[in-house]
Amino acid sequence: MEQKPSLDIVYLAISTLYSNPNASEKERASQWLADFQKSVHAWTVADELLHHKRDLESCYFAAQTMRTKIHQSFHELPVEAHLSLRDSLLGHISQITEGTNTVIVTQLSLALADLVLQMPTWQRATLDLINRFSQSHLWPLLEVLTVLPEELESRSVRLGENRRIEVMEDFKQCAPTVNEFLKHCCSNYSSNIHENVQVNVKIIRCFTSWVSLGAIPLQDISDNIVVTHAFSVLCYKQESDKHQPIVGALHDASTDCVCTLLQCLEDNNNQQSLETYLFNSVLSFEVAYHLSVANEDQEKSMNYCRIFTELGEAFLEKIVVSSTDQSQHFAMKVFDLVLVCVGHHDYEVAEITFNLWYLLSEELYQKNNKAMTELYRPYVERLVTALCRHCQMEPDHDGLLEDGDDFKDFRVKVSDLIKDVVFIVGSSSCFRQMFLNLQAPGVTWDSTEAALFIMQAVAKNVLPTESEVVPKVVEAILTIPENTHIAVRHTSVLLLGELCEWVEKHPDSLDPILSFLVCCLPQAGIGAAAATALQNICAACNDHMPRHIPILLQLLHQVDTFAITNNAVIGLLKGVAAIVGCMPHSDIPPALRELCLMQVNPICQLIEQDAIPVRGTKTDPVLWLDRLSSVFRHVVLAVAEGETHPCRAVVLEVWPVLSRTFEKYQTDVRIMERCCRSVRFMLRCVSQQVKEILEGLVGQIIQLYNLHKHSCFLYLGSILVDEYATDIVCVQGLLEMLQAFIGPTFEVLREDNGLRNHPDTVDDFFRLCARFMQRAPAQFLQCTAIAHIFQCGLLACSLDHKEANTSVMKFFYDLISTARSSRRHVGHEERAKLVRQLLDEYGQQLVGNLVHASVFCLHSYMLPEVADVILELLELDRELIGKWLANAVESLPKDGNGVITVSPQQLNEFHIAVCRSNTSKSVTHALKDLTRLYR
């Protein structure tokens with residue numbers, strides 16, 4: 001947007017966005033306003049809109065624009081404009097009244113906070129704000145003081161570590177004044193807990209924000225009136241309807257405050273008096289918790305549960321280290337408090353505590369001390385009992401829980417938690433206890449199902465040699481009456497599948513179990529569970545299963561008549577395919593052929609009938625291709641050298657159907673991706689034993705890639721290279737395939753934002769090139785396109801797409817390591833020479849791009865791959881790479897508009913740290929330290 005738009009045009013666009021009923025007009029207005037916000041004119045126009053205050057929508061848009069510009073585009077303003085922007089924002093803040101919309105106040109507060117962070121010339125800004133607004137504009141002042149530490153802590157504003165430290169020091173020096181100001185506000189407004197609620201909420205939120213940042217130290221909090229007020233809110237006992245309840249927002253703010261203090265306590269160890277004060281204060285909330293339960297105020301019950309759980313997490317390490325069977329840490333009683341909350345009638349309250357139990361299990365697992373673990377057995381036994389009760393379905397519930405149901409999701413979390421903590425009580429002990437629960441007199445279907453569900457969670461950890469309880473459980477499931485509630489039958493079937501390792505050690509139970517599961521498959525509701533159980537048993541009992549193949553194949557022929565999902569069918573196919581792999585080699589071809597024809601015959605029919613694919617139905621080739629992939633993927637067998645692979649004949653029979661699928665559905669990228677996947681697993685299955693299809697396959701994917709540029713063909717090309725490029729006869733043809741791929745690939749990547757818009761193409765192309773480097777490096781390095789590929793990689797260094805960037809880095813890593821590989825390898829000298837020629841021309845640029853990308857483009861979790869490349873370069877020629885690195889560092893900006901500043905000494909420390917590194921980990925640390933200086 002080159003010209004500044006008039007205010008009338010901006011007003012019209014805002015009005016259209018918020019008021020015009022025409023959806024396309026709204027979309028146009030939204031796009032125009034988004035483009036306008038990116039333009040440099042947005043600064044002045046937003047300021048004018050705020051001055052005019054025509055209506056709520058325009059004021060909100062202006063405030064949001066101002067915040068966005070300061071947050072993301074502050075570099076657009078010259079330093080000399082900073083003062084006028086500050087004065088203008090302060091002017092807008094001073095115009096706020098009680099009637100101003102809170103959203104506008106929040107946006108203006110964020111704008112001012114982000115300005116403070118990025119304006120080094122505004123020293124002690126916090127004190128200026130308190131002096132200017134404390135008497136007249138308390139609401140916006142508290143809002144600004146709250147978001148200031150939050151914006152610094154969130155690291156969303158690009159400040160650089162030096163400026164961040166500078167701001168933190170400034171905040172620490174201003175903190176005593178802020179603390180006194182908040183105390184003064186609290187003493188003025190908190191005399192009655194039910195009055196001035198909104199102001200009190202803001203005071204406590206503001207204090208919490210400064211404590212969370214670490215600006216206000218914890219030492220004196222026991223005397224702090226704000227903390228005392230938060231505790232008094234949480235201790236308040238509403239003992240009858242005559243008593244006015246605490247407003248939810250104030251209770252929430254007080255809860256956040258206490259939780260933050262407890263979190264900070266974890267980072268400030270060895271403050272005994274502070275620990276005791278906080279522990280005893282939190283312990284005093286127990287009565288208030290019980291009253292919240294009695295008053296059915298669940299939000300407050302959840303708040304207390306959060307606090308008790310946070311208290312447990314804060315003291316956990318000390319409790320575990322200091323407690324023995326003779327003497328226990330004083331905070332041990334927190335587990336009783338947390339278990340009281342787990343006992344709440346609503347499962348959402350119990351769920352809040354889960355992280356504490358995970359952390360406890362992790363601590364005890366790491367310590368690996370039986371006596372220590374035994375101390376916590378009673379607590380975990382109570383936990384499991386309570387969770388079993390929470391997992392009970394409603395007694396009047398018909399049918400099964402549906403996917404997406406919150407209660408079903410909760411039960412999955414319970415299952416995961418129990419798997420983590422069960423070692424504390426012992427899996428067999430837990431299993432036995434649940435079995436005893438099943439035998440209690442008058443047990444209802446819902447409590448039966450819950451006990452079975454808990455047993456299902458621990459079944460795989462029960463010793464396969466167990467002979468007391470498991471046989472009784474298996475027998476009970478196999479004889480379960482048909483009129484039993486469907487949920488009980490469903491969970492019982494799943495439990496049977498989880499006992500697969502026990503079944504494997506008790507093969508005499510296999511026949512009746514298989515018969516039972518086969519009978520369950522056609523049953524509505526139970527079929528999917530039976531399919532899952534069958535898959536588990538097939539996987540665990542491979543050695544005992546080949547004799548059952550005929551019945552399993554017969555079952556698979558009928559599988560689409562059962563009420564089970566396609567994923568369940570695929571699970572069955574995985575299990576059966578794994579068994580086929582365990583059969584005698586001479587028996588494999590007919591069984592595999594039958595398995596494959598079940599999938600390829602429907603594809604042939606779809607092609608012949610010219611059926612239009614409907615996703616998720618049997619007219620969708622993807623359904624059959626995914627099933628075929630699962631077959632080839634899970635038929636795993638060892639073949640002796642010189643032996644013909646038993647699957648070879650079947651693969652040669654299947655390939656023409658896949659070739660026809662490529663041809664028929666070539667425009668549909670989804671089907672092409674799945675077809676490539678099927679070919680991938682088919683080739684992996686037989687490795688190098690089907691060379692005769694290679695020429696036709698390569699020719700077909702070259703032709704299709706030229707037409708449609710689906711990146712999955714590049715991926716399939718990388719599989720071909722991986723399998724066949726070690727065979728000298730195939731290398732030239734594969735190089736010609738690469739050459740044919742390069743033109744269309746570069747055409748896509750040269751488009752505007754081509755790399756960013758086509759990360760899958762980048763990923764698959766450089767994976768293909770990396771495979772060549774691994775399998776046929778000499779021939780690849782001599783191909784005419786190598787320089788162009790290297791240059792493309794240089795451009796792709798800055799791509800912040802995880803998989804794509806990983807492939808690019810892997811390519812560079814493999815290329816450089818080729819020059820360092822064992823000198824005994826044939827052709828080493830020639831390969832090393834070719835790599836050095838590339839590095840002589842592009843090495844400096846590569847190092848520069850890697851450093852620049854690390855600092856300005858890539859997420860920190862992507863830096864280890866960059867570090868691998870840099871270390872490999874250093875191992876090749878440390879002195880030369882040191883010079884290139886020095887040049888790269890020198891080109892980095894030292895001063896970013898007065899905000900981001902990096903000293904020559906810091907850059908030199910980075911250079912020394914990298915040049916001295918001998919591990920990828922140390923290079924990664926150095927890169928992360930460098931990036932922090934610019935973020």
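Predicted model: local features only at pLDDT ≥ 70, side-chain atom pairs only at ≥ 80, totals over all residues.
Because Lys413 belongs to helix H21 (residues 406-425) and Glu351 to helix H17 (residues 347-352), the pair ties together parts that are 62 residues apart in sequence. A salt bridge here is a side-chain nitrogen of Lys or Arg within 4 Å of a carboxyl oxygen of Asp or Glu, and helices (H or I, at least four residues), like strands (E, at least two), are DSSP runs numbered from the N terminus. Lys413 counts as partly exposed at 38% relative accessibility, and Glu351 is also partly exposed, at 24%; buried means under 20% relative accessible area, exposed over 50%, and partly exposed in between, with a 1.4 Å probe and protein chains only. Residues are numbered from 1 along each chain as its sequence is written, and side-chain values use heavy atoms, with hydrogens and water left out.

A search of the whole structure finds 47 salt bridges. One of them joins the side chains of Arg377 and Glu381, at 3.4 Å from N to O; both residues lie in helix H20 (residues 377-390), four residues apart, which is about one turn of the helix. Arg377 is partly exposed, with a relative accessible area of 24%, and Glu381 is partly exposed at 36%.

## A link between distant parts and a network

The side chains of Asp626 and Arg677 meet in a salt bridge of 3.8 Å, N to O. This pair links distant parts of the chain, with Asp626 in helix H32 (residues 621-634) and Arg677 in helix H34 (residues 669-686), 51 residues apart. Asp626 counts as buried at 12% relative accessibility, whereas Arg677 is partly exposed at 30%. Salt bridges that share partners also join Arg684, Asp722, Glu723, Arg771 and Arg775 into one network.

In soluble globular proteins, nonpolar side chains tend to be buried together. Leaving aside residues up to four places away in sequence, Trp357 touches Phe335, Val338, Leu339, Val342, Tyr379, Leu383, Leu417 and Val421, where contact means heavy atoms within 4.5 Å.

Helix H16 (residues 334-342) is largely enclosed by the rest of the structure, because seven of its nine residues are buried. These buried residues are Val334, Phe335, Leu337, Val338, Leu339, Cys341 and Val342, and they pack against helix H13 (272-283), helix H14 (286-294), helix H15 (298-322), H17, helix H18 (354-367) and H20.

## Packing of helices H7 and H9

Helix H7 (residues 125-133) and helix H9 (residues 161-189) pack at an angle of about 25°, with their axes 8 Å apart; axes are lines fitted to C-alpha atoms, for helices over the stretch in contact, and angles run from 0 to 180 degrees between N-to-C directions. H7 and H9 are therefore roughly parallel to each other, given that angles under 35 degrees count as roughly parallel, over 145 as roughly antiparallel, 65 to 115 as roughly perpendicular and the rest as oblique. At this contact, Ala125, Thr126, Leu127 and Ile130 in H7 meet Asp170, Phe171, Cys174, Thr177, Val178 and Phe181 in H9.

## Cysteines and two further buried sites

With a disulfide taken as a pair of cysteine sulfur atoms within 2.5 Å, the count comes to zero disulfides. The sulfur of Cys769 is 8.0 Å from the closest cysteine sulfur, in Cys783, which is too far for a bond, and Cys769 is buried, with a relative accessible area of 0%. Cys59 is buried as well, at 9%.

Ser39, placed in the loop between helix H2 (23-38) and helix H3 (42-52), is buried with a relative accessible area of 6%. Not counting residues up to four places away in sequence, Ser39 touches Met1, Lys69 and Glu76. His911, in helix H46 (residues 904-915), counts as buried at 18% relative accessibility, and on the basis of contacts that leave out residues up to four places away in sequence, His911 touches Gly882, Leu885 and Ala886.
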